Amino acid sequence: MLICPAERRNQISYYIVHFTHPYHKRLLQNRQITKCSRFKTFEKIQVLMEKSPDQFTPKKQTEGSKSLLQSEELFEYILETSVYPREPEPLKELREATANHPMKVMCTTPDEGQLMALLLNLANAKKTIEIGVFTGYSLLRTALSIPDDGKIIAIDTNRESYEIGLPSIRKAGVEHKIDFIESPALEVLDKLLEDAKNEGAFDFAFVDADKVNYCNYHERLMKLVRVGGLLCYDNTLWGGSVAVSDESLVPVSMRPSRRATMELNKSLAADRRVQLSQVAVGDGLTICRRLY
C-alpha cells in the first residue's frame, strides 16, 4: 500500500495506491509519483496540513514477494490457505534458502509455481525447457511435476545461483531429470534446432530470463514445443510498469526490459499460432498454447 501526496488548497490529499511491488515503492521514495491519477485503483482520503507525508510509509512487503495483488493480506491469504499447505518440503527449503539472496525478488512466487505444476500436469508434460533458472524454485517445481523418466533442459548463465537450490533438488530425488546448461540460451536453442528430431519434441517451456530476448526465445520455442504444448513467459507485467504511460516515471534501469516486455505482449497478442492468457500472478505470467 503506497500513499502519495498531492497538494490541494490548504489540505493535502492522499491517495492510497493498491500496489505492493518494489517498483512502485521506488517511485514513491524517489518522489517520482506526484499525481496518483495515473493509477486506476485508488482510494482517496484527506488529512489536514499538519499531517506530514513522512508519517505515512509504504507497507512492508512479504519477504521476496513480487505479487501485484492489491493488498499484502490478500496475497498472504492465498499463500497460507492454498499454496503453503501443499508445498513440498524441498520446495519450502529452497524458497527459504533463496530468501537470503540479495536478488531474491527474481525467485518465482509460490502461487505461480503452484499454477505451473497444474499446467504441467494438464499438458501431461514429460520433456521441458526452462530458460532462466536462478536458484531453481520453478525448476524444482517442474521436476516434481513430470514423470520419473522426464527430462528438463535448464539453461542459465549463472551456475552459482543454481547451486544454492541444488541441495533441495537432490533431497527431492529429482536431479536425474535435470540437464543444467550454463550458457546463453539462444546458443543452446539454436543448437537444439540443428537436429530436426528436436522440433516439436518438447511439451512445455518456461521463460524467466533477459526480457530483451523474449521475442527471440519465442520464435525458437515455437519450433521446439509440440502442437498443443505450452509456453509460459514470466514477468510480462514488469512490476506494473507496462501500464505507465509516461516512461519518465519508470526508473532508467527498468526501461529497456519494460519496452521489450511491451513488445512481447503486443507480439503474442497478434500471434495466431497460439492461444493465450495473461495472468496477474506473480509479476505477470503469459501462458501460450501452440495451435499449429
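**Surface patch and salt bridges**

Modeller: M103, V105 and M106 make up a nonpolar patch on the surface, with about 240 Å² of accessible area together. Patches take residues with over 30% relative accessible area and no salt bridge, nonpolar side chains being joined within 5 Å, and areas come from the Shrake-Rupley method with a 1.4 Å probe. This is a predicted model, in which local features need pLDDT of at least 70, side-chain atom pairs count only at pLDDT 80 or more, and totals for chains, interfaces and linings use all residues. Residues are numbered from 1 along each chain as its sequence is written, and side-chain values use heavy atoms, with hydrogens and water left out.

Colleague: Where does M106 lie?

Modeller: M106 is in the loop between α3 (89–98) and α4 (110–122); helices are DSSP runs of H or I with at least four residues, and strands are runs of E with at least two, numbered from the N terminus.

Colleague: Changing topic, how many salt bridges are there in the whole structure?

Modeller: A search finds 13, each being a side-chain nitrogen of Lys or Arg within 4 Å of a carboxyl oxygen of Asp or Glu. One of them joins K126 to D149, with the closest N and O atoms 2.9 Å apart. This pair links distant parts of the chain, 23 residues apart.

Colleague: And which residue does R258 meet?

Modeller: R258 meets E247 in a salt bridge (3.1 Å, N to O).

Colleague: Is R258 buried or exposed?

Modeller: R258 is buried, at 5% relative accessible area; buried means under 20%, exposed over 50%, and partly exposed in between (1.4 Å probe, protein chains only).

Methods:
Patch = residues over 30% accessible without salt bridge, like charges linked within 9 Å, V, L, I, M, F, W, Y side chains within 5 Å.
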